[in-house]
Amino acid sequence: MKHFKTFKALMLSVALTAMSLVGIPTDGMAKSKFVFANSSPYDTLDPHAIYDVGRVASRLNMYDGLMRWLDNPPKLTPWLAESYNISADGKTYTFKLRKGATFHDGSPVEAKDVVYSIERILALKKGAVSLFSKSIEPGSTQAPDNHTVVFNLNAASSIFLATVPAIHVVNSDLLKSKEVDGDWGGTWLSKNEAGSGSFELTRYDPAIGFQAKRYANHFMGWGDKYLDEIEFRTVKEINSRVLGLLNGDFHGTDGYLPQDQVKRLKADSNMNVLEEESMRIFYSIIHNGRKPFDDVNLRKALSYAFDYDAFINNILSGSVARNPVPVPNNIWGNPKDAKGYTYDLEKAKEYLAKVKGPIPEITIGALAGYGQTEQAAALLQNGLSKIGLKSKIVAEPWSVASKKMRDEQQMYDMLWLWRSTYYADPNNWVGEMYACDQVGARNNSWYCKPEVDKLLMEARVEPDQAKRAANYEKAAKMVTDDAGGIFVYNTKWFGPYNKKVKGVRFSPIGNAQEMRWVYME
Amino acid sequence: MLWFVPTLIGLMIITFTISHIIPADPVAFFAGENATAEQIEALRARYGFDKPLHIQLVNYLIGVTQGDLGISIYTQRPISEDLLARLPATMELTFMAVFFSTIVGVPLGVFAAVYRNSFLDHFLRVLTVSGLAIASFWLAILFQLLFAMELQITPLQGRIDGWGPEKITGFFVLDSLLVADWESLQSAFSHLILPTLTLAFPAMATIVRFTRAGVLDAINSNYVLYEQAMGLPSNLIIWKYVLRNALIGTVTQIGLIFGILIAGAVVVEAVFDWPGLGLYAVEAIMNSDYSAIMGFTLVTGAFFIIVNLIVDILHGIIDPRTQD
């Protein structure tokens, strides 16, 4: 008994010592410091090695480009470039750089840095290279003087300007000094930065995230309200992000949380949830190149067998916008008069009756870990069973699905997924998803119709946006009438922030992760 | 020690085979959905994934002998660099969990045996069964809700407020002490509490059960009867003679637990956003980052073998008879 009392006393003293060391978590953050909880890890800071939305914060805040997408609907705004000119044949783009822009080490941003940046993107073959590899030859970009950059494209392109923001300009002199074994400074840049952006890196740990301080000499200048410091931390668990936000550990997190979490945040008096329609459509690919899915009657039957209203209103609690065509509602080129499909089993059966030949069990692909794709697959399976069609759901990780998508034989019969905004041009959607020259690459539907393709090819080189818009509207309608896929919704962004956070500017490219205008009240 | 290298080679071959059987394409995944076929093939050649599998394996094993664990396709950094950066976080958490579970579990096991069939024994039985049955992720979230959200006496997640003390060893508690950074020490310690409790709970349950069984077994020995007859104090008999014999099985379990906790840390690190090897492994698997998966397996496999070697040595010290 004696030693038990001794043990009890020992445990008590340990506990008391622990309590004294625990302390109460305090808000040790500076007044003008913003902390964001991100779902993706910041594995690398190299802006030319990655091109995903999950890690966009490092690129947007520490780097500048010739142009920038701002606000919603996104406007292409001159940034490092003060003006540009497109030649009559659409093959030469000349940018004039503004004077006075500097990198974080104080050296001026010059045309040679832009040339180096595009050459680096082409050489690394990573990140956004697919936007440029077909249109720009290595060595073709020129810098006739310190403030003029000339892009000489292989062929006329009306899309190129929309993709220019993806060329993040890096400090060429600095990176050349860090090159090892011809790596273009890749190893060094993966954990450092060489930018001119609104914030300069102060700390980075791939396991934690990055921290940056305001770059006072940024060429855009600063008003009287700004953040002195930003911190983007990796917090993978949704629960941890939400609880951390409610607890005051973070000031903001991503805007694509499940609706039950959004409601929870909205109910808190210290939270402010901003709402915007983004440009990220949710749809199902249909393998148009495989029998019997090459039969438009079957595709129409599938399109009428999906309960759009139930999915949007019941499963997603009305948190998204119905988008019946392969172009987001809120961008030019969207055919506003297109009705799309509805849940109509009678019509589905009607079209099914016209299908010649047997219909095998349909494989519906979903992305493992992405609940909505699995829910959509289950809902579709339910509809198909009501019209007498057998199906099976195959949920696989994105790393597996993305491989199968490029192989005509391995590709699923149908696959639920999203199409994000890489650049704000209708070509990003209908122009790539249904173009014949993109089959097996960005066209994973194996859809190729000459009349649609003609419209898309014309739009790629037509300089007049109104004419381009007309082409994309027609093409989108044709693909929809042809049931090239099942188009369900356009995503809404629900950005949760601490109510002290002001000045957030949302753009579908960037998802409000550029902090230049944000301040704490 | 003789089996160290063959065991690791076997582990590497199995892991390599399994990771490559999965029908994923890490290059295409990394290149992004907009990548062209040419871009993907160029990247595949750059990382050596265009070579036959057996050549890739041989090249990898040769690289390992030279200390080169490859480059992460995802981070573009050497795997060894990524692992070294994350190792201290997992080691610190694991050490704390093992330490806590041992200093609490062993005495509780002794008491459970000494006061066999008492209320204390029954209570500990319920506690230990719970420890073995409860899912760690559920326990972790419960702890977060109770201690961090409701009572607000511990942080919710993460390893430290801010970025930690000046890096010497990478162990935040130790580094804070070494540089006398008391604020970081307090923060590091407070962040350790919930993940340590979560990780230690099932480990403690195992230690309590093994210690109890070992003590009960030893208590009924003839030498204990003799010592009692000789009039030795009971606490001396229990804590010096009985415990030493009872600990043989417990020490073995502690060694095994060490290795198991490294694997178990994956779930705990995910819930608490603890930036260690476990989280790194999860990301590597989801990204099909072959080199990272192999590197993690190599490190944890080597660690497990070393820990078991230490356990064998300790066995010999505690019970010299095993050296004969």
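Which pattern does chain B follow when read along the sequence? Read in that way, chain B follows α-α-α-α-α-α-α-α-α-α-α-α-α, with 13 helices and zero strands; helices (H or I, at least four residues) and strands (E, at least two) are DSSP runs, numbered from the N terminus. The model is predicted: local features need pLDDT of at least 70 and side-chain atom pairs count only at pLDDT 80 or more, whereas totals for chains, interfaces and linings use all residues. Residues are numbered from 1 along each chain as its sequence is written, and chains are lettered from A and ligands numbered from 1 in the order in which they are written.

The C-alpha atoms of chain B fill a box of roughly 85 × 55 × 40 Å along the principal axes. Of the 324 residues in chain B, 47% are buried (20 or more other C-beta atoms within 10 Å of the residue's own, with C-beta atoms placed from the backbone).

An automatic or database domain assignment divides chain B into domain 1 (4–65) and domain 2 (79–323). Their C-alpha centres lie 34 Å apart. The contact between them takes 15 residues from domain 1 and eleven residues from domain 2, two residues being in contact if their C-beta atoms, placed from the backbone, lie within 7 Å. On the domain 1 side, α1(B) provides the largest share, nine residues.

Methods:
A residue is buried if 20 or more other C-beta atoms lie within 10 Å of its own, exposed if 12 or fewer, and partly exposed in between; C-beta atoms are placed from the backbone.
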